[in-house]
Structures are given as C-alpha cells and as structure tokens.
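I opened the notebook to record what I could look up in one structure.

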Amino acid sequence: MRAPIQERWEVSVRGIVQGVGFRPFVYALARRHGLAGLVRNDAEGVHVEVEGDAERLDLFLRGIEEEAPPLAVVEAVSWRPLAALGERVFRIEESREGSQRRALISPDVATCEDCLREVFDPVDRRHRYPFTNCTNCGPRFTITRAVPYDRATTTMSSFEMCPDCQREYDDPADRRFHAQPNACPVCGPSVRLLDRFGHTLQAKPDDPILRAARMLRGRAVVAVKGLGGYHLACDPFDEKAVRTLRGRKVRQDKPFAIMARDLAQVRGICHITNAEEALLTSPAHPIVLLERRENTGVAEAVAPRQNTLGVMLAYTPLHHLLLRDAGIPLVMTSGNNSDEPIAYRDEEAFAQLWEIADYYLVHDREIHMRCDDTVIRTSGSRSYPVRRSRGFAPAPLRLAADFTRHTLACGGELKNTFCLAKDRHAFMSHHIGDMENYETLRSFREGIEHYCRLFDVSPELVAYDLHPEYLSTKYAGELEETGLPAVGIQHHQAHIASCLADNEHPAEERVIGVAFDGTGYGTDGAVWGGEFFEGSLERGFTRRAHLEYTLLPGGSAAIRQPWRMAIAQLVRLYGEEETLKLPLNAVRAAGERNVRLVARLVEHEFNTPPTSSAGRLFDSVAALAGVPGSSRTTYEGQAAVELELIAAGPTNRAYPVRLRSEGATWIVETHEIIAAVLEDLRSVRPAPEISATFHRTMAETVVATCEKIRESDTVNTVALSGGTFQNMLLLDQTTKLLEEKQFMVLAHQRVPTNDGGLSLGQAILADRVQRRRQQEET
Ligand SMILES: [Zn+2]
Ligand SMILES: [Zn+2]
C-alpha cells in the first residue's frame with residue numbers, strides 16, 4: 001500500500017481571530033486530523049501552514065469555518081498550495097509583524113463561567129483574584145495599544161508572568177494558552193482602596209474589595225476602576241446615598257444604571273423577558289433597559305419617574321467580588337463630572353471625582369482606551385441599541401457594498417461616535433460623548449488616531465455634518481485644510497443612510513426615509529427634524545415632505561426649556577393677549593412675563609429660527625400636558641421621554657392629520673394637532689390620554705405622508721431613523737400601521753437610531769458623493 005501524497009497548504013484567516021483562542025483551536029484541529037505545520041498571528045489575522053493528505057486538509061479547512069471558537073468572527077478564509085516540506089509535527093509560532101495591519105481587535109468580553117468558578121473556589125490559586133481571565137474572556141480593546149495583539153502591545157506589558165502563569169500561557173492545551181492579559185495574585189495587577197485624598201487605606205492582608213463593599217453598605221459613594229473607565233457606586237436601596245450621589249454629580253434626573261450579580265438579583269428588581277435575559281448574559285454584558293418591579297425598595301432617585309431600570313450583570317471578577325461582598329445590587333453610573341467624558345486614567349479620576357467619591361477602589365492595570373457601557377432596549381423579541389460601546393466596539397460592521405477609499409466620518413455633536421471605513425468594513429467607535437468641551441474633543445482626536453493605527457486606515461476622504469458650529473465639523477475643516485477631500489452630509493440624510501447600512505440594504509434600491517429627531521442643520525438654514533426623503537444610498541436623497549415650520553423661540557434655550565415651544569405655538573394660533581387668557585397650566589406655569597418674552601421673540605424672529613423638528617413638537621405637547629421635564633430639561637429629550645412615560649398605552653383615537661402641498665413638497669400641518677390637543681385640555685381630558693392620542697397621531701402622520709410619496713414615487717420601503725424613534729410607543733405603532741398598509745419597514749438593529757449612529761451614514765454617503773464627483777470629472 002502506498003502512502004497518500006503529502007500536500008502543504010497555506011491558509012489565511014481574517015476577521016476577529018486574535019485574542020479569542022484561535023491558535024489553540026487551529027492547533028487542536030490540526031492534531032485531530034493528524035496534520036503537521038504551523039500557526040501564527042500576523043498583522044492580517046491568522047496564518048496557517050498545514051501538511052498532510054488532501055482529504056484531511058479538506059476536513060481541516062471545513063473545520064476552520066464551522067468549528068471556530070465562540071468569540072471568533074471569521075470573515076474570510078483563503079488558501080493556496082505550497083511545496084511540501086515533509087514535516088511531522090504541528091507547532092505554534094510567535095507573532096510576526098507584517099506590512100499591513102488588518103487583524104481585528106476583539107471587543108472586551110465579560111468574565112466566563114470557568115474563570116468565575118476559579119475566583120470563588122477557596123483552594124484555587126486565583127481565589128478572589130479580581131483580574132482573572134482566559135482566552136474566552138477578559139479585557140481586549142481597552143488594554144490594546146497597538147497590533148498585532150500581543151502582551152507586549154497591551155497595558156499588561158509591565159507585568160511579567162510568574163512560572164505558573166507562563167506555563168499556562170505556553171501550553172496549547174490550556175485555557176490560558178496565549179491569553180495576553182493572563183495574570184494571578186503572584187504576578188498580576190492588584191487592587192487598593194484609597195480615601196479621597198489618595199491615601200491607601202490598608203495593606204495586606206486586609207481585603208480592599210471586602211472593605212469597599214462594607215463602605216458601600218454604609219452609605220458611601222465609591223469610585224470603582226473597571227474595564228473601560230471609572231464607575232461611581234452606591235447602595236441603590238438607600239434613598240439618601242443615591243441623592244448624595246446625584247447632588248455631588250450635579251445630575252438631576254437622568255437615570256443611573258444598576259449592576260447585579262446574577263439573573264436572580266435582576267429578577268428581584270425587574271421583569272425580564274427571554275430576549276432580555278439573552279442580552280444580559282451575552283458576551284458583551286450590556287446595560288439593558290428593563291421594566292421595573294413595584295415596591296422593590298429601589299430608591300426613587302435611581303431613575304426618577306421612569307418605569308424602567310438600566311441593569312447590567314457584573315462583567316469583571318472585580319465586579320463579581322464587590323457585588324458578592326456587598327450582598328446587594330449596586331448603582332454603577334459613569335464616573336464623570338456632569339457632562340465630561342468618563343474618567344479612565346487614575347490622575348484624571350482623582351481630579352474629576354474628588355468631590356463626588358468618598359473612596360476609590362483602584363488597580364494598577366492601565367486602561368488604554370476609555371469605553372462606556374453599552375445600552376440596549378428591547379421591544380418584543382427585537383433589540384435596539386441606545387449606545388453601542390463596550391463589548392461591541394471596535395468590532396467592525398459588515399456592509400452590503402465596498403468602500404472605494406478609506407473614509408473617516410466625524411459624526412455629530414451629541415452622543416458622538418466617529419466611523420472609519422475601508423473595504424467592506426465600518427469601524428464605528430465606542431461612545432465618545434457630547435462634544436461640548438475640551439476633554440471630549442481630546443478623547444475624539446485620540447480615538448481617531450488610535451483607530452487609524454489599529455485598523456491601518458489612512459483617511460482619503462472625510463465626512464462631516466453640515467452644522468458649522470459642531471466641534472466635529474471644525475475638526476473635519478482642519479483636515480480639509482491639509483488637503484484631504486471633505487464632504488458635508490445633511491444630518492437627517494445621514495440618519496437614513498445609517499439605517500440602510502445597518503440593515504445591509506442594497507445601495508441602488510430606493511426607499512422613503514423618515515427622520516424624526518431633535519435638531520439638525522437643514523440645507524435651507526432652518527432647523528430640521530421631521531423629514532421625509534426619497535432616494536437611495538447610490539443616488540442620494542431628495543426632501544419630499546416635512547413637518548410644518550414653527551419657530552424655535554430663543555434657539556437652544558427652547559431646547560432646554562420646552563415650555564417655550566408650547567407658548568410660541570399658542571401665540572401663533574391665538575395671539576399674545578388671547579394666549580394669556582387661556583385656562584391652561586402651561587400658560588400659568590410660564591407666567592405673563594415669559595409669555596410676553598416669547599411673543600416678542602416670535603414677533604421679531606430674534607434668535608428664533610424656523611424648525612420642522614419632531615422632537616420639538618413632542619416638547620410642545622409635553623409642555624401642554626404638563627410633564628415635569630417641560631419646565632427645564634436636565635438631559636436630552638427629557639420632556640418627550642416623560643410624555644411617552646405617561647401615555648395611557650396604545651389607542652386608536654387620533655387628532656386630525658392634514659397635509660398640504662408646496663410645489664413638490666408635502667407639509668404636515670402640525671398646528672392642527674396643537675389646536676386639537678388644546679381642545680382636549682379644555683374638555684379636561686387627562687394627560688395620559690392626550691399623550692396616547694398624540695403618539696397615535698404621529699404614527700398616522702408618518703403613514704399618511706409615506707402613502708402620498710408612494711403614490712407619486714412608487715417606493716414601498718420605509719426606513720425609520722432619528723432620536724425620536726427611541727420612543728418605543730411611537731416606533732411600535734408606526735411600524736404596525738405602515739405594515740398594515742403593505743409597506744416594508746426598516747428600523748435600526750446594530751447601531752443607535754439617535755445621533756450615535758450618524759457617523760456610519762455620513763461615511764457611506766460621503767463615499768458615494770465622492771464617487772459621483774469623480775465620475776463627473778472624467
Ligand atoms: Zn475566562
Ligand atoms: Zn502568575
């Protein structure tokens with residue numbers, strides 16, 4: 001019998017294949033099939049050479065695609081034949097830096113069951129060790145300084161492994177084989193508890209985590225250094241502790257998140273569906289907005305007036321230990337001072353938080369990249385990202401078509417993210433924050449530079465929002481001055497493009513895009529926000545309808561004080577004197593002086609631009625209905641959120657929806673809606689019913705307008721985007737009514753519908769615009 005002919009193949013694997021146990025998997029797979037050769041990480045992913053007979057090589061190749069480890073994302077496998085070398089063994093080789101850096105860095109992963117078992121096993125050498133991790137879990141993105149992903153390029157480089165850890169690291173059969181952040185109490189990072197002046201509170205053998213847990217049970221606010229930054233923790237059942245934290249953080253109403261040890265603890269305070277349970281326990285361990293239970297003892301100040309709580313499960317061993325020791329769930333809110341970005345460097349944390357935290361639970365593993373917690377909400381079986389960050393960034397989004405050039409999109413102003421795109425990948429950044437101060441701008445700049453290095457992107461095109469005052473737009477302007485081509489993208493068109501990319505919608509297929517949000521710069525100088533477009537990613541979009549223009553009295557002051565919108569509407573409908581006589585709480589609350597002030601602004605149109613914003617229409621109705629946030633908002637969209645909260649559930653009752661045409665554009669006559677709300681108020685209809693009727697009206701408005709556009713433009717797909725569609729009552733009703741009229745509906749699923757998703761749409765549209773420009777030139 002003749003031995004089968006030996007062949008040798010070179011196999012390249014691309015995708016998220018580093019730091020996820022891919023090489024040991026390849027090693028085990030090759031050995032199982034009796035193949036010789038080698039595997040190593042390179043800058044493009046994983047490089048394999050295998051030698052054996054053709055049949056086994058085939059099985060091996062199939063195994064790579066079908067049996068890859070759970071955290072790996074295999075995007076492409078290519079192979080080519082090499083000359084056989086007659087090798088007998090399979091080995092794992094050291095990394096080699098290549099000319100191109102294409103390897104994808106994994107997001108951070110919540111602690112796995114195996115590691116947790118060790119942490120809570122009294123005889124394990126990692127008993128109570130807060131930095132336990134393995135190839136299936138632990139920090140990745142937040143500790144990575146450069147590629148290829150290796151210990152030397154992470155913030156673990158300063159910790160030399162002890163012989164025991166090194167043995168695990170070198171053993172292909174071990175769960176910690178090449179686990180770059182591998183560590184133990186002998187050789188790895190450690191925690192300390194400090195007072196607010198930075199003095200270490202105790203040395204060994206005292207346990208700083210246990211002591212911090214006791215402080216938390218004694219009403220203290222503790223700053224906890226986690227994976228992507230600092231959290232501020234306190235006892236969620238202690239009204240006084242929560243109020244103290246709110247007061248010091250200067251955060252009035254915006255809800256705090258809660259961290260729980262396990263699902264049982266979550267069930268103690270919230271109702272959870274199967275879909276929500278799956279999200280909570282997924283590798284990212286995001287914050288999920290859950291329906292809160294009544295009378296659980298959770299302090300009202302945790303989430304004032306909300307019927308949901310943002311809850312996440314512990315995602316590092318440090319969190320698990322702290323929660324176990326505390327015996328209760330804990331408030332875990334971003335460690336920042338009002339609107340600054342989350343603190344992640346130790347000096348920064350002390351500077352920012354010293355008036356907020358009583359104690360600091362810190363450690364000496366440096367965080368290289370700040371990364372906030374991800375927030376997701378669900379409706380039925382669907383989930384909607386509110387903030388896409390830890391556990392998701394920097395994993396790329398696969399798109400339906402290739403980019404023709406490396407593109408940087410700078411995003412918007414609030415909830416900023418940026419996006420780098422090349423080939424078929426869009427790398428959307430973690431949550432950068434509201435670009436309103438120097439700190440956030442710095443974080444934005446550093447983030448862009450870091451992503452460019454990590455993913456080997458050198459921007460050849462930059463996309464920005466049309467608003468000239470956005471800091472992100474100004475940054476794009478700086479790049480343009482260096483000679484980089486730049487394309488401005490209208491805010492709401494970017495929203496629609498983002499929704500289409502999110503759904504991998506084909507570039508040439510036309511849609512009706514409905515963008516409802518707070519504020520965006522329009523091409524006619526007005527503030528847009530209730531827009532209907534027709535078009536495609538390929539051709540771009542045309543505005544086909546919008547909410548009627550009303551006036552935004554005092555510009556941004558009207559956004560902070562929603563009652564101004566309501567008064568402006570009333571003054572317009574009834575005149576100044578009649579408005580003052582209206583028997584309405586909104587008028588009484590504003591007072592004569594303010595009514596007259598708004599009337600003057602409206603009369604002279606001083607700092608009072610026209611707006612078609614859906615968010616502001618929600619504000620007007622919220623103010624008329626008298627929700628608390630309408631006097632002065634303390635977070636974005638508060639009045640609208642509160643209007644949704646009081647709604648008496650879905651209803652079939654609606655106010656009249658009227659459209660008029662102005663040339664080729666349809667105008668939704670929103671003053672009719674306001675007048676109808678007023679009639680309801682006069683007949684003393686309760687606010688919850690008014691809210692429900694208004695929501696139904698807005699859903700019917702979308703359907704009526706889309707039907708008009710469908711008649712003339714023969715388009716049947718509707719893409720819904722913009723921050724207003726975070727309103728689940730609106731989104732659910734709109735989707736249902738559209739589907740009843742045989743529309744095909746696209747909503748967001750991978751990126752946020754709010755301004756956090758803008759950068760993706762900007763990148764795609766800018767690339768298309770630049771393509772058309774070049775075609776026209778040639
Ligand atoms: Zn693990
Ligand atoms: Zn060790």
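**Entry 1: the model.** I noted before anything else that this is a predicted model.

**Entry 2: zinc ion (ligand 1).** I looked up which residues hold the zinc ion (ligand 1). Its donors are the SG atoms of Cys 112, Cys 115, Cys 134 and Cys 137, at 2.3 Å. Along the sequence these donor residues follow the spacing C-x2-C-x18-C-x2-C. Two of them come from distant parts of the chain: Cys 115 sits in helix α3 (residues 113-119), and Cys 137 sits in the loop between α3 and α4 (163-170), 22 residues apart. I then checked the geometry. The four donor atoms subtend angles of 103 to 118° around the zinc ion (ligand 1), so the arrangement is tetrahedral. I wrote down the ideal value beside this: four tetrahedral donors would have angles of 109.5 degrees.

Are these cysteines buried or exposed? Both Cys 115 and Cys 137 are buried. For Cys 115 the relative accessible area is 0%. Cys 134 also counts as buried, because its relative accessibility is 0% and the cut-off for buried is under 20%.

**Entry 3: zinc ion (ligand 2).** I repeated the search for the zinc ion (ligand 2). Cys 162, Cys 165, Cys 184 and Cys 187 coordinate this ion through their SG atoms, at 2.3 Å. The spacing of its donors along the chain is C-x2-C-x18-C-x2-C. The angles among the four donor atoms run from 103 to 117°, and the site is tetrahedral. Cys 184 and Cys 187 are both buried.

**Entry 4: helix α10.** Which residues of α10 (residues 346-353) are buried? I found Glu 348, Ala 349, Gln 352 and Leu 353. Seen down the axis of α10, they fall within an arc of 100°, so they line one face of the helix. The face of α10 turned away from the buried side carries Glu 347 and Ala 351, which are exposed. The buried residues of α10 pack against β7 (222-225), β8 (230-234), β14 (359-363) and α11.

**Entry 5: helix α12.** In α12 (residues 471-481) I listed Ser 472, Thr 473, Tyr 475, Ala 476 and Leu 479 as buried. These residues cover an arc of only 155° around the axis, which puts them on the same side of α12. Their cover includes β18 (407-409), α11 (438-454) and β21 (461-465). After α12 comes Gly 483, with a positive phi near 105°.

**Entry 6: the cores.** The largest nonpolar core has 62 residues, and Val 514 and Phe 516 have the most contacts inside it. Leaving out residues up to four places away in sequence, Val 514 touches residues including Ile 496, Phe 532, Val 702, Leu 720 and Phe 725. Apart from this core lies another, of 60 residues, among them Val 13, Ala 395, Ala 476 and Leu 484.

**Entry 7: Gly 540.** Gly 540 lies in strand β25 (residues 540-547). Its relative accessibility is 12%, so Gly 540 counts as buried. Gly 540 and Ala 497 are 43 residues apart in sequence and 9.0 Å apart in space, C-alpha to C-alpha. Not counting residues up to four places away in sequence, Gly 540 touches Glu 534, Gly 535 and Arg 772.

Terms used: Residues are numbered from 1 along each chain as its sequence is written. Chains are lettered from A and ligands numbered from 1 in the order in which they are written. This is a predicted model: local features need pLDDT of at least 70, side-chain atom pairs count only at pLDDT 80 or more; totals for chains, interfaces and linings use all residues. Side-chain values use heavy atoms; hydrogens and water are left out. A nonpolar core is a set of buried Ala, Val, Leu, Ile, Met, Phe, Trp, Tyr and Cys residues joined through side-chain atoms within 4.5 Å. Buried means under 20% relative accessible area, exposed over 50%, partly exposed in between (1.4 Å probe, protein chains only). Contact means heavy atoms within 4.5 Å. Donors are N, O and S atoms within 2.8 Å of the metal (3.2 Å for Na, K and Ca); water is not among the atoms, so sites may look incomplete. Four donors count as tetrahedral if all angles lie between 85 and 135 degrees; four count as square planar and six as octahedral if opposite donors are over 155 degrees apart and all others between 65 and 115; anything else is irregular. Helices (H or I, at least four residues) and strands (E, at least two) are DSSP runs, numbered from the N terminus. The arc is that of the directions from the helix axis to the C-beta atoms.
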